[in-house]
Amino acid sequence: MKRILAIESSCDETACAIIDEEMNILSSVVTSQIDVHSRFGGVIPEIASRMHVEQISTIVNEAIMESGYSVDDMDAIAYTIGPGLIGSLHVGGIAAKTLAFFYNKPLIGVHHLKGHIFINELIKPLVYPMMALVVSGGHTELVYIRDEESFEIIGTTLDDAIGEAYDKVARVIGLPYPGGPKIDKLAKEGKKNYQLPTPKVDGLNFSFSGLKNATIQLVKKMESRAEEVNKADLSYAFQETALHVLVDKTKKALELYPCKQVVLAGGVACNSRLRELMTENIKDCDLILPPLKYCTDNATMIACAGMHYLKTGKFVDFDAPSMPSMSIED
Ligand code: KG4
Ligand code: ZN
């Protein structure tokens, strides 16, 4: 039975996981720096890399202990090679390279978003061609996946990522970082009260900065008139507008690129309303929603993607650089 140890450190989570080729999770340890970054209203890259340095050995040790195996029992070491914050990526990369060198194991560099996509295999086998709606703090992409080697971005955001828009709107109504989960929760108590403009972009691309700015302007206008902002209603209005765009574009993408399966991927895949809307709207295609626990950054997803590379023998050299702006098409 093949096994992989994987490390994820691209943003503000330090994580290590071990899985086997049947996708059994032997251990999965994640530590988040959210409490520290929330004091600043967002992730501070320099602090993130320092905290990864402080955490990485403990997290890797914990994952090894929890699995009941040793690094000698692994068939490869995988890590997130990009995209992400350069300093943060370096820390995970150096840890992975050190383990691979010391224990003489092959090294696998995984694209972070492929990790978010392949975690869906925990639910059921992936079938191609497949469409992925990737929605995270840094990305909003429709990815057409012809087979497990061929990824094509057919739609992307022209400005803010969806998670980023959630976090910025949340900040303006006084919710701490990351605001996405808080807006998700508040919106459940909200009703249709505020009108916000629906983003209009031709084709399969997205734009969220107009909606974000309109929401922020509405809050500022009410504040200047000493009117109280109903946070639940505002969350509802923002969320309904933003999520309908995501679902409509996914449906449009499926008309142009017929697929056998659709998967949701990335931190915003946690969103309860998005999961509901996707389930209601994606009817002619098999829809996979990732397990809630593995939507936000973790190393199990890097191990799942890494398992494919282990099977095809796609390894990287020890001098492979981290790639902060790596595209999923690379
Ligand atoms: O994938 P992820 O953990 O990190 C990146 O790779 O970016 O995604 C983090 C993003 C944050 O913007 C966070 O606010 C958002 O995912 N998020 C949510 C929810 N849970 C996390 N957004 C909306 N609703 C949620 N329930
Ligand atoms: Zn992510």
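Two strands are taken to pair if DSSP finds at least two bridges between them, and helices (H or I, at least four residues) and strands (E, at least two) are DSSP runs numbered from the N terminus. The model is predicted: local features need pLDDT of at least 70, side-chain atom pairs count only at pLDDT 80 or more, and totals for chains, interfaces and linings use all residues. Residues are numbered from 1 along each chain as its sequence is written, and side-chain values use heavy atoms, with hydrogens and water left out.

On these terms, strands β1 (residues 3–8) and β2 (residues 13–20) run antiparallel and are joined by 6 bridges, with glutamate 8 opposite alanine 15 of β2. Both belong to an open, mixed sheet of 5 strands in the order β3-β2-β1-β4-β5. Its edge strands, β3 (25–32) and β5 (107–111), each pair on one side only, and the twist from one strand to the next averages 20°.

Turning to the helices, α2 (residues 45–67) lies across β1, β2 and β3 and runs at about 25° to β2; such angles run from 0 to 180 degrees between N-to-C directions, with axes fitted to C-alpha atoms, for helices over the stretch in contact (heavy atoms within 4.5 Å).

Definitions and conventions
Chains are lettered from A and ligands numbered from 1 in the order in which they are written.
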